[in-house]
Amino acid sequence: MNTIIQSNGNQLIASFVGRLDTAAAIPTAEAVKPLMEASDREIILDCSQLEYISSSGLRIFLGIRKEAAAHGSKVIVRNISADIRQVFMMTGFISLFEIQ
């Protein structure tokens, strides 16, 4: 699993590459810490290369959303596959995030 964070104007873009499973959750949680501290910036979670997400991965996404809301930021999830969309629908995450 690889997480790449880029700044683009008023946006922070986190690209997730690989499988966000339980084993990858701890290093991924460390990698996304800059997103947790972003205030008044739009946060984009680019999932175009995300192959799988476990409950541990969903917990990371939820943590990003909670911290972003506390700092006045907005979180957008982009480019999810049909399989990951299904996971978001089954868990109710589809209504927690703006999906593009």
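Is Lys 33 buried, exposed or partly exposed, and at what relative accessibility? Lys 33 counts as partly exposed because its relative accessibility is 40%; the cut-offs are under 20% relative accessible area for buried, over 50% for exposed, and in between for partly exposed (1.4 Å probe, protein chains only).

Some ground rules before the points. This is a predicted model, where local features need pLDDT of at least 70, side-chain atom pairs count only at pLDDT 80 or more, and totals for chains, interfaces and linings use all residues. Residues are numbered from 1 along each chain as its sequence is written, and side-chain values use heavy atoms, with hydrogens and water left out.

1. Salt bridges. The structure holds two of them, taking a salt bridge as a side-chain nitrogen of Lys or Arg within 4 Å of a carboxyl oxygen of Asp or Glu. Lys 33 pairs with Glu 30 at 3.1 Å, N to O. In the other, the closest N and O atoms of Lys 74 and Glu 98 are 3.0 Å apart. That pair links distant parts of the chain, with Lys 74 in strand S4 and Glu 98 in strand S5 (residues 98–99), 24 residues apart. Helices (H or I, at least four residues) and strands (E, at least two) are DSSP runs, numbered from the N terminus. Both ends are partly exposed: Lys 74 at 40% and Glu 98 at 31%.

2. Asp 46, worth a look. A polar atom of the Asp 46 side chain does lie 3.0 Å from the backbone nitrogen of Ser 48.

3. Ser 48. Also placed in strand S3, Ser 48 is partly exposed at 44% relative accessibility. Its C-alpha is 4.7 Å from that of Asn 79, 31 residues apart along the chain. Beyond neighbours within four places in sequence, Ser 48 is in contact (heavy atoms within 4.5 Å) with Arg 78 and Asn 79.

4. Helix H1. Ala 24, Ala 25 and Thr 28 are buried here. Down the axis of H1, the buried residues fall within an arc of 115°, so they line one face; the arc is taken over directions from the helix axis to the C-beta atoms. On the other side, Ala 23, Ile 26 and Pro 27 are exposed. The buried residues pack against strand S1 (2–8), S2 and H3.

Methods. Polar contact = N/O pair within 3.5 Å; in protein donor to acceptor, adjacent residues only side chain to side chain.
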